[in-house]
Amino acid sequence: TKLSNPSTQLVNLNTDKFHGSSWRMTANLDTSFVSDPPSCTDENGHVIPDAAGASYNDYFSTGRGKYNLDEPVFAKMPGDKWALYDPRSQFQANTLENPLADAGGPEMKRARRAMNGVPYGDGTPNVDLVTRCSNVEPNIFNEAYCQISYDENACETKPAPGSGMNNPTEAFEDANNFIPPYAGRGVVVCGSENEVAPDQTDDDHYAVSNRKLNTHRISYVNQIQSVWMEQALYAEDQACQKLAWHLSKIFAYSNGHGEEEAYLNTYDWAFVASCDSTYAEVVNKMTHNVQMAEQLTFIKNQAVAYSWHRNFVLNFPDENYARELMQLHQIGLEKLHDDGTPILDRFGKKIRNYLQKHIFAGSKILTGMERSKRRGNYNDLDRSTTSYLDPMVQTSIEKKDLWPKIGLDSTYIGDRYPLCADLPPRHFLQKGAKYVALGGNNIARYHNDPDGQYLDDE
């Protein structure tokens, strides 16, 4: 295939570094899974494979893997020069204010591969998921910025109702399940803070890897560590970098899963960005952080009533983080004067800041939060259906403890706020009422009603 306008569809990358030897093609090429017969071939008539197909890794096959790629593909450049095709992963801007309008659905469909690892050309449907949908699940940090997309290919990280979600370690996962039936009629798309696109014209990149896609046989872990070290030592915001380092010594969290980008995202999102926020916001971010929830064991905490009514088990929520939150991250064990000296009672004894009942109340607050769904647009090993990068979300209101919680100094959390029973009639129509955008999805997000009663379009 010859490019219609090579001067605009070929971009020279970092001429100071590569002296005109590295180019990037901006045109999309039709490959074997797009057209039949294939419309994109090299000078020898060989089909140019798509990057996802070239790097596909099928765990249940032999003789094929991430490093057993197709033959190199050469292209003829202007001036009778030849180039070797070098596949790169392209990440897109998906920020809070400007989430991807199509949520990455077209890229997800474009990267699909024939099921069960069967090569192209035998009529096998091209539906196997390689690159995930980039739509971030709504959470307390991005929900106010989410938008409605009417793109017919807009996707969601949750599979379409009734389709189920396959285990990513299986050989086949249907990409079509992540295009909801109401795509084109309104899909909620959300981004995440500072999820910007890299400048590919600089040609400074590092390899990425997941279970089906690998750009280079190289230690991407070492690359990420090197980039982090350069930022920590030489970035212009050295005050922020030093503050972030000290905050990371206060909050004990660990990746433990080989998810280096998720780990460093926590460092940047919660700690480096703390220069422009408050300590309370840092605590809030870490409370919704997956690695913190696993480290201090409160992930998937459930209300006592939920455990009892569902499983007839008297199961109390984990108290680990609730205790650490008060002891290490906030008020400490004992009441102190402003100069740091202890406050004493009338008997000369130190006054404790909290008791066991306060720890138990805190653990009840930390119920119902679970990992969000796995998504694309970042470096991810993709070994499960849930994310280690994005904040935790409230997946079921049933799992949330709804009973009163005692606060400090003989108060109750929520004192002086009106009860739901005391709200005026039609309060949801009055000024200040808050609505949650659902797009074409009929299923309520924060209600405890059966889904069935929302499925009637009329």
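This is a predicted model: local features need pLDDT of at least 70, side-chain atom pairs count only at pLDDT 80 or more; totals for chains, interfaces and linings use all residues.

1. Numbering runs from 1 along each chain as its sequence is written, and side-chain values use heavy atoms, with hydrogens and water left out.

2. Have a look at the largest nonpolar core, which has 32 residues. Such a core is a set of buried Ala, Val, Leu, Ile, Met, Phe, Trp, Tyr and Cys residues joined through side-chain atoms within 4.5 Å; buried means under 20% relative accessible area, exposed over 50%, and partly exposed in between (1.4 Å probe, protein chains only). Among the residues with the most contacts inside this core are F251, Y321 and M392. Helices α6 (238–250), α7 (260–271), α8, α9 and α11 each supply at least two of its residues, and α7 gives the most, with five. Apart from it lies another core, of 13 residues, including L129 and I179.

3. Helix α11 (residues 320–327) is largely enclosed by the rest of the structure because six of its eight residues are buried. They are N320, Y321, A322, E324, L325 and M326. Their cover includes α8 (279–287), α9 (290–295) and α12 (356–365). Helices (H or I, at least four residues) and strands (E, at least two) are DSSP runs, numbered from the N terminus.

4. Finally, L438 lies in the segment after strand β10 (393–394) and is partly exposed, at 25% relative accessible area. Leaving aside neighbours within four places in sequence, L438 is in contact (heavy atoms within 4.5 Å) with V188, I443, A444 and R445.
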